[in-house]
Amino acid sequence: LATLSPVRGAEKGLPVSSDLQGAVRIQEASTRTFDDRLSGLYLEFAKTAQPAHLAALLEGKVTPVEFGRRMEASIEAVRKNPDIYKPPAMGVPRIQ
């Protein structure tokens, strides 16, 4: 397994690379999985800033911290743009 799916248990029965074993342990211990809606809500962001920042991270051109800073700066521009619709916050569902 070279790519981790956000579906719990999807790796069962597959050999997991050593690079992903820690991520699998974190996912198994988590109570919920994060799924961002940014790319679906803010299409221009999803077509420009998001892939550019992700490419820089995956190519080793920036650190994860710098990736986060760049993503936050780009989405802050979306937040401040009054011409871009922002849906109401959905909140975090309670764990039953």
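Close-up 1. K12 counts as exposed because its relative accessibility is 54%, where exposed means over 50% relative accessible area, buried under 20% and partly exposed in between (1.4 Å probe, protein chains only). The model is a predicted one, in which local features need pLDDT of at least 70, side-chain atom pairs count only at pLDDT 80 or more, and totals for chains, interfaces and linings use all residues. Residues are numbered from 1 along each chain as its sequence is written, and side-chain values use heavy atoms, with hydrogens and water left out. K12 forms a salt bridge with E28, the closest N and O atoms being 3.1 Å apart; a salt bridge is a side-chain nitrogen of Lys or Arg within 4 Å of a carboxyl oxygen of Asp or Glu. Since E28 lies in helix α1 and K12 in the segment before α1, the pair ties together parts that are 16 residues apart in sequence. E28, at 41% relative accessibility, counts as partly exposed.

Close-up 2. Helices are DSSP runs (H or I, at least four residues), numbered from the N terminus, and the expected span is 1.5 Å times one less than the number of residues. The buried residues of α1 are L20, V24 and Q27. Seen down the axis of α1, these buried residues fall within an arc of 65 degrees, so they line one face of the helix, the arc being that of the directions from the helix axis to the C-beta atoms. The face turned away from the buried side of α1 carries the exposed residues S18, R25, I26 and A29.

**Close-up 3. The surroundings of S39.** S39 belongs to helix α2 (residues 38–41) and, at 32% relative accessibility, counts as partly exposed. Neighbours within four places in sequence left aside, S39 is in contact with A46 and Q50, contact meaning heavy atoms within 4.5 Å.

Close-up 4. K80 and E76 both lie in helix α5 (residues 64–80), 4 residues apart, about one turn of the helix, and their side chains meet in a salt bridge (3.9 Å, N to O). K80 is exposed, with a relative accessible area of 63%, whereas E76 counts as partly exposed at 28% relative accessibility. A network of salt bridges links E72, E76, R79 and K80.

Technical notes: Helices (H or I, at least four residues) and strands (E, at least two) are DSSP runs, numbered from the N terminus.
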